[in-house]
Amino acid sequence: MDARIPAGPLDDKWTDYKGHCKLVNPANKRKLEVIIIGTGLAGASAAASLGELGYKVKAFCFQDSPRRAHSIAAQGGINAAKNYQNDGDSVFRLFYDTIKGGDYRAREANVHRLAEVSANIIDQCVAQGVPFAREYGGLLSNRSFGGTQVQRTFYAAGQTGQQLLIGAYQALERQVALGNVKMYSRHEMLEVVIIDGKTRGIIARNLVTGELERHFGHAVLLCSGGYGNVFYLSTNAMGSNVTAAWKAHKAGAYFGNPCFTQIHPTCIPVSGDHQSKLTLMSESLRNDGRIWVPKKQGDNRRPNEIPEEERDYYLERRYPAFGNLVPRDVASRAAKERCDAGYGVGSSKQAVYLDYAAAIERYGKIEAGKQGNDNVGKDEIIKMGKEVVKEKYGNLFDMYEKITGENPYEVPMRIYPAVHYTMGGLWVDYELMTTVPGLYALGEANFSDHGANRLGASALMQGLADGYFVIPYTIGNYLADEIRTAPIPTSHPAFEAAEKSVSDRLNTLMNIKGKQTVESLHKRLGKIMWDKCGMARNKQGLEEAIKEIQQLKKEFWSDVKIPGGINELNPELDKAGRVADFIELGELMCKDALEREESCGGHFREESQSEDGEALRHDDRFMYVAAWEYKGDHNWQLHKEELVYDVVKPSTRSYK
Amino acid sequence: MEHYNMNLTLKVWRQKNQSDRGQFETYKVSNISSEMSFLEMFDVLNEELIQEGKDPIAFDHDCREGICGMCSMYIDGKPHGPWQENTTCQLHMRAFKDGDTITVEPWRANAFPVLKDLVTDRTAFDRIIQAGGFISVNTGNAVDANALPIEKAKADDAFAAAACIGCGACVAACKNSSALLFVGAKVAHLGLLPQGEPERKERVLNMVAQMDKEGFGACTSTGACEATCPKGISISNINRLNKEYLVASLVSEK
């Protein structure tokens, strides 16, 4: 596997690359067409930036508007090495934290570039009018996030993703108005068209009319997000899916580290079988909230009745250096460990407390101190403290109350880990190109920057880095050699064949006319994945899971029941296609997890742990990216990209 | 939180496609848990309809955490249902009791044609943004983010306006189907910030012109939009828009 990483010292690679990559002159850009799938942070920023450069862009999203993409739901913030707080941050520190947080399974060169452009992202967003939180002096405010010891996270209350996406969306709509981008909403990409070894377009389905459309492009960018919904229950949006990436995979793009899944520690627990999705409570809550369970197993007292000395603040106990701010994978496993051992709380016993009482009191005292009044009563302190907490986290607390009916200002929140993000994705080289020429993957859809575990507030950073600051350079290096390629008419046999295969598949699905609903099959897949390829994995479970998924696939293709017709708005048919792809992906994830006989980041193999239950890596055997090539039904070939660490010396991650 | 189960009657708008006339259909659902979300109740109903060989009810939804703005049901005469500052996806069944009859319709507005059942076409909002809902700054043009301090109060107001999720509830709630709260929020968000200043006049004129072109009605200041907005966008944004529009019309050189 050649990642095409530029030569030279780490600090200079990106600068050198930009200085030497090929350029396309403006007159030629007008003739080059780029297709972008997905309009989240990566897709919208790429579409806007490439449109600004003068390329002819077509952007696609399955939602009714590009502004709906799931980046919108990101809450806590976006990292950038600005060092506005004078607390010792730098490009190197952000790079180092990300590599370490990823448990030494990410590529140095990519991560360093990410850290380098991080500061530009904040500048760009502020210029677009993104209303980040500010201090009274009018300058930008920062908060801390898990896995770091500096304050480098920029935020807009608990709606940072929304504000960043609206910024990118507005930039995209501006290009639509200028005629540089043509937007196709309620469209889903269902096939990649490859001619003479190069990506030349896509087949898309209009989800309102059901019509299949052929679109030519000199390059195709997949910005289609992650695949957490393979678990059925996740914090992803209902429509988030792997389909675009999976079609690319089956067309020849290797899939990198599919088993690397992030289970987020602070989500609202499952309330029953009806549950359709899980809701995240931002990691920023761990800044001030304290996580605990009772010291006694099966303690059924109300949280407020449990005295301080009978509470186990297990993160502070196990990891005194980072406390409640350990990285996500560590926090999630610690919660699972306590619940499995019988210390869980709530009716399901699959939850731990996230408690704000101490923070409310602390902030209240600070407020009282500001007034110079030593005689403030406890009630008054609590009242003032609640105001401060409301200012910082109000919308998150409101959301918790709407869902659970409980008031988190009074009662500790109940939280439990849930599937949140997928570090794995399409394998890409330094230029973000997959193994198929002209086919790129950006943002969560690629595997590149987060290794085996992503740090909080880094997904927004990566999506925007790829779209605003990386792809505008790297795509030119490819398209410079395409200026002589005239648009290929979509009557070309390759387009015809691709459309036929999509249409055949849709007809096959509709004609099964079985008994089981798409939803019920998806739920079963999710359960297999969560039980056997979730927070902890072992050989036996993974082998069972593979067999069960293969069986499920047979059932799906012989017994699925899809109502309605093809040529109409039919959400069940859309979902059926996506679930069919999830089933195949699930098998590959288990295969990858089975192959990787070590614990690293979000991937915890029970066979590989230290005496005190911490993850145990095996750098001698597994310091590589697993890139899987699709060879046919249930058949993949593993390729390895060895990871070389020139600058950082991999060590055992310790947050103690 | 105590929870309970309930049986409900649903009257739901069914419409095959944009040209179909449409009508209400009545459905019974039973054993609905008070812990379910409103959309999960629809999931249950749809699973039953599919099993009975009927066409499930099409409705828009995506994030199910109240931020994407895609869900859009008009529930018992109110966009997003009975709770204050809430989206349909965050409405939970404990808002209802056993035996209730619930009426569910799509957004009703000429500018939001029904595509199927409860699904409407809201691309008119995208076109209004295209008309001027942005700050013209190409990637790479930006100066250092802290080069331009912004008064905290102004930044906070801009954020409050920018919290709009573009769901269209304001239009659905308005008897005139006016989109002025949506447009006002964007004009305020960008107009309050120094970065948005250079395009301020053109922005408000162009966005209002596009809004009229899309067929949204006029504002008669009844305040239904503010009362129903899931993100609590203040009607003062409309005042600001009116002021900006007036000034821009007077001084515009075009």
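**Helix check and beyond**

Analyst: Happy to. At 1.5 Å a residue, the 12 residues of helix α5 of chain B (residues 180-191) should span 16 Å, and the end C-alpha atoms are 15 Å apart, which agrees. Keep in mind that this is a predicted model.

User: Thanks. How many of the residues of α5(B) are buried?

Analyst: 12 of the 12 are buried, so α5(B) is largely enclosed by the rest of the structure. Among them are B:Phe182, B:Lys186 and B:His189.

User: And what covers the buried residues of α5(B)?

Analyst: The cover includes six helices you can pick out in chain B: α2 (123-130), α3 (152-162), α4 (169-173), α6 (200-213), α7 (224-228) and α8 (236-251).

User: Switching to backbone angles: what is phi of B:Asp76 near?

Analyst: Phi of B:Asp76 is near 45°, a positive value in a residue other than glycine. B:Asp76 sits in the loop between β3 (74-75) and β4 (78-79) of chain B.

User: What about B:Asp117, and where is that one found?

Analyst: B:Asp117 also has a positive phi, of about 45°, although it is not a glycine. Its place is the loop between β6 (114-116) and β7 (119-120) of chain B.

User: Does B:Asp117 count as buried or exposed?

Analyst: B:Asp117 counts as buried because it has 25 C-beta neighbours inside 10 Å. B:Asp76 is partly exposed, with 16 other C-beta atoms within 10 Å.

User: Over to chain A. At roughly what angle do α14(A) and α16(A) cross?

Analyst: The axes of α14(A) (residues 518-532) and α16(A) (residues 571-595) cross at roughly 25° and come within 10 Å. The two helices are therefore roughly parallel to each other, and their crossing is left-handed.

User: Which residues make the contact?

Analyst: From α14(A) you have A:Val518, A:Leu521, A:His522, A:Leu525 and A:Met529. The α16(A) side includes A:Val579, A:Phe582 and A:Ile583. By type, the contact residues divide into 8 nonpolar, 2 polar and 2 charged.

User: Last topic, the two chains. How many residues does each chain bring to the contact?

Analyst: Chain A brings 66 residues and chain B brings 68. On the chain A side, α6(A) gives the most, with 9 residues. Helices that each supply at least two residues there include α3 (41-53), α5 (108-128) and α16 of chain A.

User: How do the residues of that chain A side divide by type?

Analyst: They divide into 26 nonpolar, 24 polar and 16 charged.

Terms used. Residues numbered from 1 in each chain as written. Chains lettered and ligands numbered in written order. Predicted model: local features only at pLDDT ≥ 70, side-chain atom pairs only at ≥ 80, totals over all residues. Helix = DSSP H or I, 4+ residues; strand = E, 2+ residues; numbered from the N terminus. Expected span 1.5 Å × (residues − 1). Buried ≥ 20, exposed ≤ 12 C-beta atoms within 10 Å, placed from the backbone. Contact = placed C-beta atoms within 7 Å. Axes fitted to C-alpha atoms, helices over the stretch in contact; angles between N-to-C directions. Parallel < 35°, antiparallel > 145°, perpendicular 65-115°, else oblique. Left-handed = near helix turned anticlockwise from the far one by under 90°. Nonpolar A, V, L, I, M, F, W, Y, C, P; charged D, E, K, R; others polar.
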